[in-house]
Amino acid sequence: MGPLRASSSNPRYFADACGDAVYLTGSHTHLSFKDGGERPPGISPLDYDKYLDLLEANNHNFMRMWSGWELTIFDPQPWKRTGPGIAQDGRPKFDLTQLDETYFERLRARVLAARERKIYVSVMLFEGWLLRFIPHSAAQHPFHPANNINGIDADTNRDGAIIEAHTLNTAAVTAIQEAYVRKIVDTLNDLDNVLYEVANESAFPGSVKWQYHVINFIKKYEATKPRQHPVGITSAGFSSSYDDLAELLNSPADWISPGRPISLAYDYLEDPPPADGTKVIISDSDHLASELKTPSWIWKSMTRGLNPIFMDAYPPLDSLGSGDVTAIRKNMGYARTYAEKLDLLSMMPRADLASTRYMLANPGVEYLVYQPGSGSFTANLQNGRYQYEWFDPTTGSIAEAGSLSAPGGNVSFSPPFSRSAVLYIKSDPRAKPSRSQR
């Protein structure tokens, strides 16, 4: 399966150990790793095997492992609770010099279980959203002096929040974080289905230097190991008024997940910018919207050279959306099926070749066009004979297939159904070249 590398021929996508394209897509859930937290009464821990069944049934090959610990409302934690003394949650205080094998054993077991299903796992190292938005997050953090025996205090400005934990302000805090990251790498280095994610939605711009440090730390440490894995960085999300895209693109990360700033200078939800290959882009609905109502975003993202993933409403996850979640799950799998039909590493986003503006193309060889609305559209094809098929994302079925001759230039197409449509066109290997092709 890997470890994955950005393809040298088309760095919009990862490639596996054989150099073949790997299009990543899948659902993820907050409780894929952690137990506890502020959840409604009666909600039981996630059945991890059933969650993997869901991914496999929908042809998903990617998940975010929400292993970012941060607050003491979640278990397991990376450090032992040895005391002496009682933390603010009524349990023994942490000794931040002693790592707890329970955390790392669960992490390895869950990554291994995903590998058995051929699912890639992005291991989340830290969690930033909680530090930004949970009231009095400092009091619930292992790095608060009331919660550890080591005198560690990351709340350097004493404001009750602890976003400073994701800075380089305190050398002792950074050293503890580095020891934790080393242990993660030691635990998972031999596995081929691993990616790393520095943190979920840390505050920008304050965390940028810290996140770059973590990326470089992982890369330097893994350079001493048999395997090296991709490292990613994610946006502060749609809740942020700060445009952090430049920090993502200029980072030392291998992959990024952009956000949707309030300014809407760009919009990875409604009209995703085409990927240019600067980074592999894993476009995550978690950073784009509080709810996702239709699968259209999946096909728009795919035809712009992105790898879309979905923040799922899978129980006992928070119910984030009221849209047709089943259709979204299925369409991610449908899109992956087409990604694997294509010679993906030869495909480029070519909005200029389709009136819908959503196309992946290797001109003269293969085209994938998405019509987000309904009705006819044009696609600019090179001279030749082609096979085509119409795919209906609503029913998940091929509605029509056939062949056509293109003289070169715009060709009009009308879907055989009145809703969004996917058109796949491929050169006909049986056709003799015309004079203009010889």
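In this predicted model, helix α1 is followed by Asn59, a residue with a positive phi, near 65 degrees.

Helix α1 spans residues 48-57, and its buried residues are Tyr48, Tyr51, Leu52, Leu54 and Leu55. Looking down the axis of α1, these buried residues fall within an arc of 150 degrees, so they line one face of the helix. Lys50 and Ala57, on the other side of α1, are exposed. The buried residues of α1 are covered by elements that include two strands, β4 (26-28) and β6 (62-65), and two helices, α2 (101-116) and α8 (325-341). At the N-terminal end, α1 is capped by Asp47, which places a side-chain oxygen 3.3 Å from the backbone nitrogen of Asp49.

From this helix we turn to the nonpolar cores. In soluble globular proteins, nonpolar side chains tend to be buried together. Here the largest nonpolar core contains 94 residues. Within that core, the residues with the most contacts are Met63, Val123, Leu125, Phe143, Tyr180, Ile184 and Tyr196. Helix α4 (residues 171-188) gives the core its largest share, seven residues.

What does Tyr180 touch, leaving aside residues up to four places away in sequence? Its contacts are Ser67, Trp69, Pro78, Trp79, Leu99, Tyr103, Phe104, Met124, Leu125 and Phe126.

How values were computed
Residues numbered from 1 in each chain as written. Predicted model: local features only at pLDDT ≥ 70, side-chain atom pairs only at ≥ 80, totals over all residues. Heavy atoms only, no water. Buried < 20%, exposed > 50% of the residue type's maximum accessible area, 1.4 Å probe, protein only. Helix = DSSP H or I, 4+ residues; strand = E, 2+ residues; numbered from the N terminus. Arc of directions from axis to C-beta. Contact = heavy atoms within 4.5 Å. Polar contact = N/O pair within 3.5 Å; in protein donor to acceptor, adjacent residues only side chain to side chain. Core = buried A, V, L, I, M, F, W, Y, C linked by side-chain atoms within 4.5 Å.
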